[in-house]
Amino acid sequence: MALAARGGDFDDRSVNAILRGAMRWHRPLMLVAAVTAPFVVLSLAGLVFDDRVLVGAPIWLKPLKFAVSIVIYAVTLAWLTTYLPRTRLARWTATAIAILLAIEYVIIVGQVLRGRQSHFNVATPLDAVLWGAMAVSITLLWIGNLVLAFFVMRRRIGDAAVTWALRAGTVISLAGMAIAFLMAKPTSEQRTSMSDGTFAGIAGRHSVGVADGGPIMPVTGWSTTGGDLRIPHFVGIHALQALPLLALALALLAAWIPVLRAESARARLVLVASAGYAGLTGLTLWQALRGQPLLHPDGPTLLAGGALAALVAAGAVFALRTLPSGSE
């Protein structure tokens with residue numbers, strides 16, 4: 001391999017694992033990714049040509065974000081399934097996830113075309129049925145990912161760095177997905193309105209401390225005036241991409257950085273990064289639950305963030321300084 005020749009001998013299983021051939025990737029998941037990908041362009045066109053606003057955001061912003069997320073997520077799982085045991089349970093679970101992703105996205109786009117809110121909307125019988133279908137899909141998606149996580153935790157994929165990146169990424173991603181259940185819980189005000197006759201048809205929210213639909217950040221659509229549960233949801237879910245990509249980056253850098261040629265060095269750095277990523281997910285959740293905008297952290301949030309960064313940096317230094325002799 002060219003990298004090995006340039007940097008000397010090192011275990012390139014990280015690279016081989018991450019870059020495994022696409023011809024073997026799970027076809028239903030790849031089909032979902034392929035069908036959803038054009039909606040990235042269509043949603044961008046919608047943002048340009050459709051000036052409707054829904055819950056304080058351009059109406060096509062949600063389909064855009066979900067299209068990007070579904071494509072990334074489906075491709076990641078399609079690749080990951082090549083390392084899972086070839087059992088009916090693993091295969092059918094991956095296929096079920098593909099179907100559930102498709103159902104969720106069809107409802108989101110369908111509601112946009114109707115000019116209706118897709119999430120938390122029970123204002124009419126049809127809205128309630130569609131939101132109920134989405135809620136069931138979200139729950140089954142989480143269960144499906146839990147099943148796949150069971151297989152991932154029992155297998156070695158590539159070298160130790162990739163193996164631990166996938167194990168940690170899968171667990172953190174599951175935690176990030178679970179934050180969606182917090183959003184689906186009606187607020188105390190909504191519960192009160194259900195009994196006093198003032199219910200507006202929305203049961204759930206993503207903002208904390210402020211109503212959904214206020215000022216938002218560009219692109220992400222996250223609240224700038226209160227907490228937003230979509231932030232830790234986003235951070236946690238994408239651990240499944242961030243940590244394996246870190247393992248790949250460390251393997252590639254090993255061609256130029258001698259200490260990274262040791263598998264134990266890369267594995268330790270991945271474990272430190274995984275702990276840091278889990279901490280970041282928890283930190284953003286804590287910040288959101290206190291009704292605090294991402295870009296306006298208070299003193300305790302800044303202190304916790306600084307402590308987390310310091311611990312990760314110290315952990316990385318310790319991981320490299322405590323390598324066994326001869327590991328390079």
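Reader: Which residues does H206 touch, not counting residues up to four places away in sequence?

Author: This is a predicted model, in which local features need pLDDT of at least 70 and side-chain atom pairs count only at pLDDT 80 or more, while totals for chains, interfaces and linings use all residues. Residues are numbered from 1 along each chain as its sequence is written, and side-chain values use heavy atoms, with hydrogens and water left out. Contact means heavy atoms within 4.5 Å. Residues up to four places away in sequence being set aside, H206 touches F120, M183, D212, G227, D228, L229 and R230.

Reader: Is H206 buried or exposed?

Author: H206 sits in the loop between helix 9 and strand 3; helices (H or I, at least four residues) and strands (E, at least two) are DSSP runs numbered from the N terminus. Buried means under 20% relative accessible area, exposed over 50%, and partly exposed in between (1.4 Å probe, protein chains only). Because its relative accessible area is 13%, H206 is buried.

Reader: How many helices and strands does the chain have, and what is its radius of gyration?

Author: The chain has 13 helices and four strands, and its C-alpha trace spans about 75 × 50 × 35 Å along the principal axes. The radius of gyration is taken over C-alpha atoms, and the globule rule is 2.2 Å times the number of residues to the power 0.38. For 328 residues a compact globule would have a value near 20 Å, which agrees with the chain's 22 Å.

Reader: What percentage of the residues in the chain is buried?

Author: The chain exposes about 15,600 Å², of which carbon and sulfur atoms supply 71%; accessible areas come from the Shrake-Rupley method with a 1.4 Å probe, and for residues only the protein chains shown count as cover. Among contacts between residues at least 6 apart in sequence, 70% join residues at least 24 apart. Of the 328 residues in the chain, the buried part is 45%.

Reader: What is the volume of the largest cavity?

Author: On a 1 Å grid over the protein atoms alone, a cavity is a set of points where a 1.4 Å probe fits but cannot get out, and a pocket is an open set with protein on both sides within 12 Å along at least five of seven lines; lining residues have an atom within 4 Å of a point. Grid points are joined across faces, edges and corners, and a volume is the space filled by probe spheres set on the points. A search of the whole structure finds one cavity of 30 Å³ or more. The volume of the largest cavity is about 70 Å³.

Reader: Which helix supplies the largest share of the lining of the largest cavity?

Author: Among the lining residues are L77, N145, M177 and L240, and the lining divides into seven nonpolar, three polar and no charged residues. Here Ala, Val, Leu, Ile, Met, Phe, Trp, Tyr, Cys and Pro count as nonpolar, Asp, Glu, Lys and Arg as charged, and the others, Gly among them, as polar. Helix 5 (61–80), helix 7 (125–153) and helix 8 (160–183) each supply at least two residues. The largest share, four residues, comes from helix 8.

Reader: Which residues does T76 touch, not counting residues up to four places away in sequence?

Author: T76 lies in helix 5 and, at 12% relative accessibility, counts as buried. Its C-alpha atom is separated by 9.1 Å from that of L29, 47 residues apart along the chain. Leaving out residues up to four places away in sequence, T76 touches L240 and Q241.

Reader: Which residues lie nearest the centre of the second largest pocket?

Author: The second largest pocket holds about 260 Å³ of space. Helix 9 (188–196) and strand 3 (207–208) each supply at least two residues of its lining, which by class has five nonpolar, six polar and three charged residues. Of the 14 lining residues, those nearest the centre are Q190, R205, V210, A211 and D212.

Reader: What value does phi of V219 lie near?

Author: Most residues other than glycine have a negative phi. V219, in the loop between strand 3 and strand 4 (227–228), is exposed, with a relative accessible area of 68%. Its phi is positive, in a residue other than glycine, and lies near 70 degrees.
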